Amino acid sequence: MFKYIGSKRVFIPTLGTLAQQSEAKSAVDLFTGTTRVAQEFKRQGLVTTACDIATYSHVLAQTYVATDSAEINEDELRTALQKLNELPGDPGYFTETFCQRSRFFQPKNGARIDAIRNQIETEYKESQLYPLLLTSLMEAADRVDSTIGVQMAYLKQWAPRSYNDLEMRMPVLTPGKGQAVLGDAMQVIDELPPTELLYLDPPYNQHRYYTNYHIWETLVRWDEPEVYGVACKRVDAKEAETKSVFNYKRTMKDAFFDLLTRAKAGLVVISYNNESWISAAQMRDHLLEIGCESVVSLGFEHTRYVGAKTGIHSPTGQKVGSVSHTKNMEWVFVAGSRAQVSATVRGFEENVLREFSG
Ligand SMILES: C[S@@+](CC[C@H](N)C(=O)[O-])C[C@H]1O[C@@H](n2cnc3c(N)ncnc32)[C@H](O)[C@@H]1O
């Protein structure tokens, strides 16, 4: 699974335990990103819906959440991957844009990405393997990129892993039912049926996923967009439709509270960041205001994303600053009926920061 800012990788077991103890049968992960959390809910037996505004995330959700591993012919998938792995390189848009105009990938891998992506489009567009093959290609590309985990910049010197040969591997699928929804959370929230557990992990700052992961967006859409700047970002990144209300201090809090008010959920679990534009007290007050009987906040210390450790880099990958701290306190709010909240947080007494009742 690829490098992603704000990914809840270290929290998966915790979130899985919370979901299991909640005894919810259905879940929505509204800002699913890598889909890691949604996958865990699915493994815990919840019928899970994974939503995101990013097209690449939707492909991951189609693969890891909507696809039931029991319904996939593994031999057919293995054969398709083998054939794609054997294709000779055929340099095109991807190589020119991301290996020559910029240096995100070595040209030998760029040429293979071009060839494989074209073949997926011509041979598998109507196949149920389509999202699985795209996922495998994104993950293969991620393993040989030359970045620190975001695509706003590439490294000045090639990353050692970028010399490796691109290799498509089998995605590890999960059995069970699920759904993938592509769209803006502000609209999707009204279209979704009621859910027993709603998990929310929105962007809490100005860092846009659309520009930080523009290469995945282009690789999935395969639309050869015009690009700009050293990082060759998509020109449509400048348009309003690609911007999220959650990336602006002016709009974030009201949008998020509006979303919570409109949500049709029994239990709400929110991954909360202490550097957020919403204070913990505001979050608690709003959850109580919208009728949650009980709100518990749990605290976990964790390490900040990789960029924080390696410092701040210019668009050409030069180190231009350092980050003062690498530890972050991550909070999880659990809100709902008194009985369900207390069952959900059982065993996490040491992590309980505050408990409130309406
Ligand atoms: C903090 S990340 C989620 C990380 C995820 N929990 C994981 O473990 O990978 C936030 C996600 O919200 C998505 N996003 C941003 N604005 C959105 C919007 N308006 N509607 C839906 N998704 C949005 C981004 O594309 C990003 O994937």
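**Note on the predicted model: core, helices and selected residues**

1. Start with Val59. This residue is buried, at 5% relative accessible area; buried means under 20% relative accessible area, exposed over 50%, and partly exposed in between, using a 1.4 Å probe and protein chains only. Val59 sits in helix 3. Helices are DSSP runs of H or I with at least four residues, strands are runs of E with at least two, and both are numbered from the N terminus. Leaving aside residues up to four places away in sequence, Val59 touches Pro131, Leu134, Thr135, Met138 and Val220. Contact here means heavy atoms within 4.5 Å. Val59 and Pro131 are 72 residues apart along the chain, yet their C-alpha atoms are separated by 5.4 Å.

2. A word on the basis. This is a predicted model, in which local features need pLDDT of at least 70 and side-chain atom pairs count only at pLDDT 80 or more, while totals for chains, interfaces and linings use all residues. Residues are numbered from 1 along each chain as its sequence is written, and side-chain values use heavy atoms, with hydrogens and water left out.

3. Overall build. The protein contains 14 helices and twelve strands. Its radius of gyration is 21 Å, close to the 21 Å from the globule rule for 358 residues, so the protein is as compact as a globular protein of that length. That radius is taken over C-alpha atoms, and the rule is 2.2 Å times the number of residues to the power 0.38. The C-alpha trace spans about 65 × 50 × 35 Å along its principal axes.

4. Of the 358 residues, 55% count as buried. Among contacts with a separation of 6 or more, 76% come from residues 24 or more positions apart.

5. The largest nonpolar core. It holds 53 residues, of which Tyr56, Phe105, Ile120, Leu133, Met138 and Trp216 touch the most other members. Helix 3 (55-66), helix 4 (74-86), helix 5 (93-101), helix 6 (107-124), helix 7 (130-143) and helix 10 (214-221) each supply at least two of its residues. Helix 7 gives the most, with eight residues. A nonpolar core is a set of buried Ala, Val, Leu, Ile, Met, Phe, Trp, Tyr and Cys residues joined through side-chain atoms within 4.5 Å.

6. Gln62, also worth a look. This residue lies in helix 3. Gln62 is partly exposed, at 27% relative accessible area. Its contacts, not counting residues up to four places away in sequence, are Thr67, Pro131 and Ala180. Gln340 is 278 residues from Gln62 along the chain, and their C-alpha atoms are separated by 30 Å.

7. Helix 1 and its end. Eight of the eleven residues of helix 1 are buried, leaving the helix mostly covered. Among the buried ones are Ile12, Leu15, Leu18 and Ala19. Just after the helix, Glu23 takes a positive phi of about 60 degrees. Glu23 belongs to the loop between helix 1 (12-22) and strand 1 (26-29). At 61% relative accessibility, Glu23 counts as exposed.

8. Thr35 lies in the loop between strand 1 and helix 2 (36-43). Is Thr35 buried or exposed? Thr35 is buried, with a relative accessible area of 0%.

9. Helix 2. Seven of its eight residues are buried, so call it mostly covered. The buried set includes the charged-type residues Arg36, Glu40 and Lys42. Against what do the buried residues of helix 2 pack? Their partners are helix 1, strand 1, strand 2 (47-52), helix 3 and strand 4 (195-200). Gly45 follows helix 2, with a positive phi near 95 degrees.

10. Gln106. This residue is found in the loop between helix 5 and helix 6. Gln106 is buried, at 11% relative accessible area. Beyond residues up to four places away in sequence, Gln106 touches Cys99, Trp158, Ser162 and Tyr163.
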